[in-house]
Amino acid sequence: MPQNSHFKPLLSALPHSFQTSFFNQLNHLINYSPTIGLMGKTGAGKSSLINALFQSSLSPVSDVSGCTRQAQRFSMTMNNHTLTFVDLPGVGESLERDREYHSLYHNLLPELDLIIWVLKADDRAWSSDEQCYRFLTEQCGYQPKQFLFVLNQADKIEPCRQWDEVCQQPSSEQVANLELRQQAVITAFKPHHPVMTVSAVEGFQLTELAEQLIQALPAQASSGVARQLNLPYRTQSVETSARNDFGQCVSDIVDTLIDILPLPALMKSTIGTVKNSIVSVAKSLWSFFF
């Protein structure tokens, strides 16, 4: 473990049981493989959005077995670290097979760190999306904070001929219409996170989406996702958010070990006093790890 030497001055006086457990859990955290769900109708541009945001292209892995309606898995790997995407069925289809879908979504729930729900900015009807969202939140146990709604294909919003191809941005009239669509999503879905408006094809507001994505992810997943982003989208904000999340996870590891290891009270107190230093070292090594 190359990182051991950086922690050695802090941990050398602490019990071997703490050191071993700490490094095991730290390595588990560093090697955490995030999984992101993708929802949205066919044609909403899910693949093009993911391919625009991340360094690697999606490659198919396998289907989730045991269901007639299957979830298609894709992954991307960089430096032996894998990020998995699961394209979920259900939007734009009949939800008559509720029991079948319930089983699929229920089984996937513990695995998914976040679900990106892609809507077409110029789509007039989201009723099937709304129906599916209500099914997930009301019947399958999903929480609103697990969804990030994205209005894609902003360049197709009316009047689409006004899109500025040179500056890759909408006209003032298009901006007004996009804001109306954004408000419509808020009204329909009452989302936990801000609704992002982008164009994957034009590269419009993908930086803002990347920053919001990292903030929306659970703390243990944000660094693994940040690592895979295209370099233009690994902004200072992205890296700071992910680094702080990583530090919080390391802090939680130390707290958990203080709670569960059978150590004398004085030793637990000693570990508590060096916790902030351990977290600082971990955060300083974030770029090395990720």
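Visitor: Angles of 65 to 115 degrees between axes count as roughly perpendicular. At what angle do α3 and α7 pack?

Guide: This is a predicted model. In the model, helix α3 (residues 46-53) and α7 (206-216) pack at an angle of about 85°, and their axes are 11 Å apart. That angle falls between 65 and 115 degrees, so α3 and α7 are roughly perpendicular to each other.

Visitor: Which residues make the contact?

Guide: L49, A52 and L53 come from α3, and L206, L209 and A210 come from α7.

Visitor: How many of those are nonpolar, polar or charged?

Guide: The contact of α3 with α7 has 6 nonpolar residues, with no polar and no charged ones.

Visitor: Let me step back. How many helices and strands are there in the protein?

Guide: There are 11 helices and 7 strands. The protein has 290 residues, and 51% of them are buried. The C-alpha trace spans about 65 × 50 × 35 Å along its principal axes.

Visitor: What share of the contacts join residues at least 24 apart in sequence?

Guide: The figure is 69%, counted among contacts between residues at least 6 apart in sequence.

Visitor: Which strand pairs with β6 over 6 bridges?

Guide: That is β5, residues 114-120, and the pairing is in the parallel sense. L119 stands opposite L151 in β6. β6 is also joined to strand β7 (residues 196-197) by 2 bridges, again running parallel. In β7, T197 is the bridge partner of L151.

Visitor: What kind of unit do β5 and β6 make with α5?

Guide: β5, helix α5 (residues 127-139) and β6 make a right-handed β-α-β unit.

Visitor: Is D155 buried or exposed?

Guide: D155 is in the loop between β6 and α6 too. The relative accessible area of D155 is 16%, which is under the 20% cut-off, so D155 is buried. From D155 to L263 it is 61 Å, C-alpha to C-alpha, and the two are 108 residues apart in sequence.

Visitor: Which residues other than glycine have a positive phi?

Guide: N80 and Q205 are among them. N80 has a phi near 65° and lies in the loop between β3 (72-78) and β4 (81-87). Phi of Q205 is about 60°, and Q205 lies in the loop between β7 and α7.

Visitor: How do N80 and Q205 count for accessibility?

Guide: N80 counts as exposed because its relative accessibility is 78%. Q205 counts as partly exposed, at 31%.

Visitor: What is on the β1 side of β4?

Guide: Strand β1 (residues 35-39) runs parallel to β4, with 4 bridges joining them. The bridge partner of T35 in β4 is T84.

Visitor: What does T84 touch?

Guide: Setting aside neighbours within four places in sequence, T84 contacts P34, T35, I36, R73, F74 and S75. T84 is buried, at 14% relative accessible area.

Visitor: Why is β4 called largely enclosed?

Guide: Because 5 of its 7 residues are buried, β4 is largely enclosed by the rest of the structure.

Terms used
Residues numbered from 1 in each chain as written. Predicted model: local features only at pLDDT ≥ 70, side-chain atom pairs only at ≥ 80, totals over all residues. Heavy atoms only, no water. Pairing = 2+ DSSP bridges. Right-handed = clockwise from strand over helix to strand, strands pointing away. Buried < 20%, exposed > 50% of the residue type's maximum accessible area, 1.4 Å probe, protein only. Axes fitted to C-alpha atoms, helices over the stretch in contact; angles between N-to-C directions. Parallel < 35°, antiparallel > 145°, perpendicular 65-115°, else oblique. Contact = heavy atoms within 4.5 Å. Nonpolar A, V, L, I, M, F, W, Y, C, P; charged D, E, K, R; others polar.
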